[in-house]
Amino acid sequence: MRRSVLVTLLLTLCAGAAYAEHVTAPIPVGIAVAQTSNVALFGQEQIIGAKIAEKYFNKSGVNGTPIKLVSQDTGGDEAGAINAFQNLINQEKVVGIVGPTLSQQAFSADPIANRLKVPVVGPSNTAKGIPQIGEYIGRVSAPVAKVAPFALKQALKQNPKIKKVAVLYAQNDAFSASETVTFQETVKSMKLEIVTLQKFMTTDTDFTTQATAVLGANVDLAIVSGLAADGGNLVKQLRQLGYKGIIIGGNGFNTANLFPVCGKNCDGILVAQAYSPEANNPVNKAFVDEYRRTYKKDPSQFSAQAFAAVQVFGEGLRRVEAATKKKITQLELSVVRTELNKALRSGSFVTPLGEISLDNEGEINQKTFYVSQIKMDANGKSGKFVIVK
Amino acid sequence: MEEFLQNYGFLLVTLVQQSLLAMSLYFPLSAGQLSLASPGFYALGGYVAAIMATADYFAPWRDALGWAIFPLEWLIAGLVSALLAFLVGVPALRLRGIYLALATIAFVEILRVVCLNLAITGGAIGIFGIPQLFESRWGYIWIFGPLLVITLIFSYRLDRSRVGRAFKAIREDELAAGAMGINPTHYKVLSFVIGAVLAGIVGAMSAPFLNTWNARQGTFDASISYLAYVLIGGGRSLWGPMLGAVLLASLPELLRPLKDARLIINGMVLVIASIYLPFGIAGALQRLKLSTLKRYASLRGGR
């Protein structure tokens with residue numbers, strides 16, 4: 001008796017979701033990003049971007065059928081991401097998922113979506129190896145290796161005499177740690193010399209040691225990979241101790257949150273960006289206008305990438321309808337998920353990031369990148385990123 | 001049933017996993033040692049398993065052993081944890097109370113920074129693409145479940161053995177225990193090593209369960225969570241840590257529909273429980289049982 005119960009239990013476990021389910025209208029698209037924990041600053045920017053995208057896309061919808069964003073909080077850890085993904089896939093029956101926020105979370109939760117054949121588009125996963133997790137995993141966030149070199153080229157343009165370089169990075173931040181490798185490789189490939197390599201923690205506040213080392217090495221260029229709070233303080237202390245050369249900031253500097261930290265010492269920092277609010281295309285104009293109207297400031301890269309992720313899902317659904325000649329709501333959920341994944345990888349999309357497409361692996365091909373220089377106001381309280389050509 | 005497991009399978013296995021980690025804190029605590037080193041050994045075990053499962057060096061082993069590589073990972077994770085726990089435990093357990101807690105926090109932190117900087121542990125990104133033992137997350141109950149049962153039986157038997165009584169004697173009064181001929185250092189290190197081995201094995205099982213392993217797994221935050229499990233559940237009973245882990249780990253997920261309010265409720269439970277239940281939930285239940293028994297006895301006119 002007991003054994004037969006066990007066998008039936010195992011059988012039901014193995015059977016899986018074989019029965020047919022149809023997609024409901026409005027079409028649910030999942031967004032699983034960090035709305036709590038210390039990553040929430042990014043996650044909330046992503047939610048804002050995704051919500052604007054939902055509104056923008058639903059002006060026409062998928063040939064009339066609107067999409068509906070369903071959000072689940074991942075928190076900042078791996079288990080939270082898995083829980084959020086499973087909730088979206090099994091309970092909310094979403095056609096695809098935008099998320100998660102961190103690359104480490106993606107390595108944990110993406111394999112689950114991939115096994116269940118649910119397309120995922122990462123809005124901010126920049127680590128190496130994310131699209132390679134599986135055939136259902138893609139991203140709209142260009143990997144650091146693509147973006148970082150642009151800032152270096154710009155620095156050389158401003159001062160062709162640069163020879164000695166100092167590289168500094170936050171060793172406990174995954175993004176910064178992988179970004180600095182790219183920076184170091186680019187520096188070497190440009191025949192420049194790294195004379196000092198300094199590490200710090202995102203929780204540090206005193207950077208005297210690192211700043212002194214940089215000044216002692218007498219460099220013309222300092223490259224900093226860190227987050228806003230620590231990176232900003234590092235720049236401030238570097239300048240206060242008398243560093244005069246050019247400073248390149250990594251992607252962590254790509255936020256207005258930096259300005260209050262280093263004040264007028266932020267002035268002149270070069271940052272390579274995958275997104276600029278000044279990018280000239282109609283989708284970006286609509287996005288920036290809407291964002292400015294509500295939040296009275298320029299959107300960040302995180303918002304723009306989340307917008308792009310929702311947008312590619314929406315337009316992908318349109319392509320599915322065009323290919324199958326059926327309404328999405330007439331199709332089975334599993335069919336929509338598979339077809340949508342194919343549609344994401346066929347052809348390009350015009351998003352706030354410019355023209356992008358996903359290759360067969362799911363990796364983003366982005367046409368344009370930007371290099372901006374920070375310009376602070378005279379009072380040193382507020383500033384902006386100005387594109388340098 | 002099937003749909004339920006689809007949705008909550010991962011959560012259920014997480015509860016068992018967290019219970020095991022709470023138990024790993026319970027062993028040193030039963031000998032009166034407030035050690036917060038468990039996340040360190042958990043992280044270490046996970047790295048051992050992740051490296052054995054992905055590194056090229058171990059490829060011939062994986063080909064030769066097939067699925068048997070998994071038990072081998074657990075075994076090696078347990079052994080490495082035991083060795084490190086012994087090396088750390090002998091000097092660290094000379095410290096008492098809050099100082100021991102501080103030393104073990106430092107140990108966890110050192111381990112974390114080392115893992116962040118080594119190439120073999122994948123730096124800050126960690127190790128990913130870990131081969132799977134089961135297709136579904138729920139499948140992992142078949143390894144975590146038996147481990148929990150074994151741990152409970154072990155702990156139940158230990159409480160009633162010579163060693164368990166020695167632990168208790170040291171917990172109540174180390175000097176008195178020493179005077180009675182118990183070697184406190186020996187038993188303190190033993191309790192520390194038992195907890196470390198358990199945490200290491202749980203880590204090794206968790207690496208495939210979470211698909212990836214990185215330095216964020218063993219942190220100070222985790223130390224505090226495990227301590228909360230034991231404090232809220234009750235550190236003097238075998239069931240306390242389990243109860244605490246199940247309650248505290250499931251609350252945020254069960255309260256998911258409440259969105260942001262869930263964190264407030266989670267915090268309130270912690271505060272209320274620590275004020276009104278000084279011996280944890282298990283302690284409160286024990287007292288409830290005693291007082292009912294007494295009332296029952298007085299009704300019968302006993303005593």
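1. At what angle do helix 1 (residues 2-30) and helix 9 (residues 184-210) of chain B pack, and how far apart are their axes? The angle is about 160 degrees and the axes are 7 Å apart. Helix 1 of chain B is thus roughly antiparallel to helix 9 of chain B. Angles over 145 degrees count as roughly antiparallel, under 35 as roughly parallel, 65 to 115 as roughly perpendicular and the rest as oblique. Axes are lines fitted to C-alpha atoms, for helices over the stretch in contact, with angles from 0 to 180 degrees between N-to-C directions.

2. Basis of the note. This is a predicted model, in which local features need pLDDT of at least 70 and side-chain atom pairs count only at pLDDT 80 or more, while totals for chains, interfaces and linings use all residues. Residues are numbered from 1 along each chain as its sequence is written, chains are lettered from A and ligands numbered from 1 in the order in which they are written, and side-chain values use heavy atoms, with hydrogens and water left out. Helices (H or I, at least four residues) and strands (E, at least two) are DSSP runs, numbered from the N terminus.

3. Helix 1 against helix 9, chain B. The crossing is left-handed, that is, the near helix is turned anticlockwise from the far one by less than a right angle. By class, this contact has 14 nonpolar, six polar and no charged residues. Ala, Val, Leu, Ile, Met, Phe, Trp, Tyr, Cys and Pro count as nonpolar, Asp, Glu, Lys and Arg as charged, and the others, Gly among them, as polar. Among the residues that meet are Phe10(B), Leu20(B) and Phe27(B) of helix 1 and Phe192(B), Leu198(B) and Phe209(B) of helix 9. Contact means heavy atoms within 4.5 Å.

4. Helix 1 against helix 6, chain B. Helix 1 and helix 6 (residues 141-159) pack at about 30 degrees, with axes 9 Å apart. They are therefore roughly parallel. This crossing is left-handed. The contact includes Val16(B) and Tyr26(B) of helix 1, and Phe144(B) and Asp159(B) of helix 6. Its classes are 13 nonpolar, five polar and one charged.

5. Helix 7 against helix 9, chain B. Helix 7 (residues 162-172) meets helix 9 at about 105 degrees, with axes 10 Å apart. The two are therefore roughly perpendicular. Arg162(B) and Phe167(B) of helix 7 take part, as do Tyr187(B) and Lys188(B) of helix 9, among others. The count is eight nonpolar, one polar and two charged residues.

6. Gly45(B). This residue sits in helix 2 (residues 38-54) of chain B. Gly45(B) is buried, at 0% relative accessible area. Buried means under 20%, exposed over 50%, partly exposed in between (1.4 Å probe, protein chains only). Gly45(B) touches Ala77(B), Gly200(B), Gly203(B) and Ala204(B), not counting residues up to four places away in sequence.

7. Arg256(B). Its place is the loop between helix 11 (240-254) and helix 12 (261-276) of chain B. Arg256(B) is buried, at 7% relative accessible area. A polar atom of the Arg256(B) side chain lies 2.9 Å from the backbone oxygen of Asp73(A).

8. Backbone checks, chain A. The peptide bond from Ala25(A) to Pro26(A) is cis, with omega near -10 degrees. Gly99(A) and Pro100(A) are also joined by a cis bond, omega about -15 degrees. Lys296(A) has a positive phi near 55 degrees and is exposed, at 68% relative accessible area.

Definitions and conventions:
A polar contact is a pair of N or O atoms within 3.5 Å; within protein, one must be able to donate a hydrogen and the other to accept it, and residues adjacent in sequence count only if both atoms are side-chain atoms.
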